[in-house]
Amino acid sequence: MTTTTSTQVRIESFGYLHGEPPAAHLTIDLRRHFRDPHVSPQLRYLTAHDAPVRAAVLSTPGITDLIEATAAAVRAFACGPLAGPVLVAGGCAGGRHRAPTFAAALAARLRAAGLTVTLSHRDLDKPVVQR
């Protein structure tokens with residue numbers, strides 16, 4: 001499978017508790033299958049900008065496999081016959097921990113593969129949702 005460096009990929013993280021997912025070719029729901037830093041009082045008020053949150057998320061069994069599988073799916077979309085950006089949305093409950101960590105790791109993986117990636121975090125800087 002080959003891709004070109006002209007392929008544009010847009011990745012957006014979001015929180016389901018802040019509204020509907022963004023429109024995307026791939027929407028990855030991280031809520032039920034991956035460790036939630038929100039449950040830890042030490043991590044709850046931190047975000048994916050903080051190394052302890054990233055470490056907690058990225059050490060969850062299966063997350064690396066999901067990043068690789070999503071990267072493979074993006075490359076498959078990028079090889080399709082129609083030109084245009086590939087849109088990926090990754091969501092967790094509040095959009096502050098799992099989704100932005102996943103999105104940043106996916107962006108790094110795709111950039112390493114030579115793709116042009118735009119990364120945004122819709123809900124990362126919103127207040128913690130009390131649940």
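Q: Which residues does Thr 47 touch, not counting residues up to four places away in sequence?
A: This is a predicted model, in which local features need pLDDT of at least 70 and side-chain atom pairs count only at pLDDT 80 or more, while totals for chains, interfaces and linings use all residues. Residues are numbered from 1 along each chain as its sequence is written, and side-chain values use heavy atoms, with hydrogens and water left out. Contact means heavy atoms within 4.5 Å. With residues up to four places away set aside, Thr 47 touches Val 53, Arg 96, His 97 and Leu 124.

Q: Where does Thr 47 lie, and why does Thr 47 count as buried?
A: Helices (H or I, at least four residues) and strands (E, at least two) are DSSP runs, numbered from the N terminus. Thr 47 lies in the loop between strand S2 (26-29) and helix H1 (51-58). Buried means under 20% relative accessible area, exposed over 50%, and partly exposed in between (1.4 Å probe, protein chains only). Thr 47 counts as buried because its relative accessibility is 10%.

Q: How many aromatic pairs does the structure hold?
A: Rings of Phe, Tyr and Trp (its six-membered ring) pair if their centres lie within 6.5 Å; planes under 30 degrees apart count as stacked, over 60 as edge-to-face and the rest as tilted. The structure holds 1 aromatic pair. Phe 14 and Tyr 16 form it edge-to-face, at 4.7 Å centre to centre and with 65° between the planes. Both Phe 14 and Tyr 16 are buried.

Q: Which residues touch the most other members of the largest nonpolar core?
A: A nonpolar core is a set of buried Ala, Val, Leu, Ile, Met, Phe, Trp, Tyr and Cys residues joined through side-chain atoms within 4.5 Å. Of the 22 residues in the largest one, Ile 11, Leu 30, Val 74 and Leu 110 touch the most other members. Two or more residues come from each of S1, S2, helix H2 (63-78), strand S3 (86-92) and helix H3 (98-112). H3 gives the most, with 6 residues. Leaving aside neighbours within four places in sequence, Val 74 is in contact with residues including Val 9, Leu 26 and Leu 110.

Q: Where is Gly 19 placed, and how far apart in space are Gly 19 and Arg 75?
A: Gly 19 is in the loop between strand S1 (8-15) and S2. Its relative accessible area is 31%, so Gly 19 is partly exposed. Gly 19 and Arg 75 are 56 residues apart in sequence and 28 Å apart in space, C-alpha to C-alpha.
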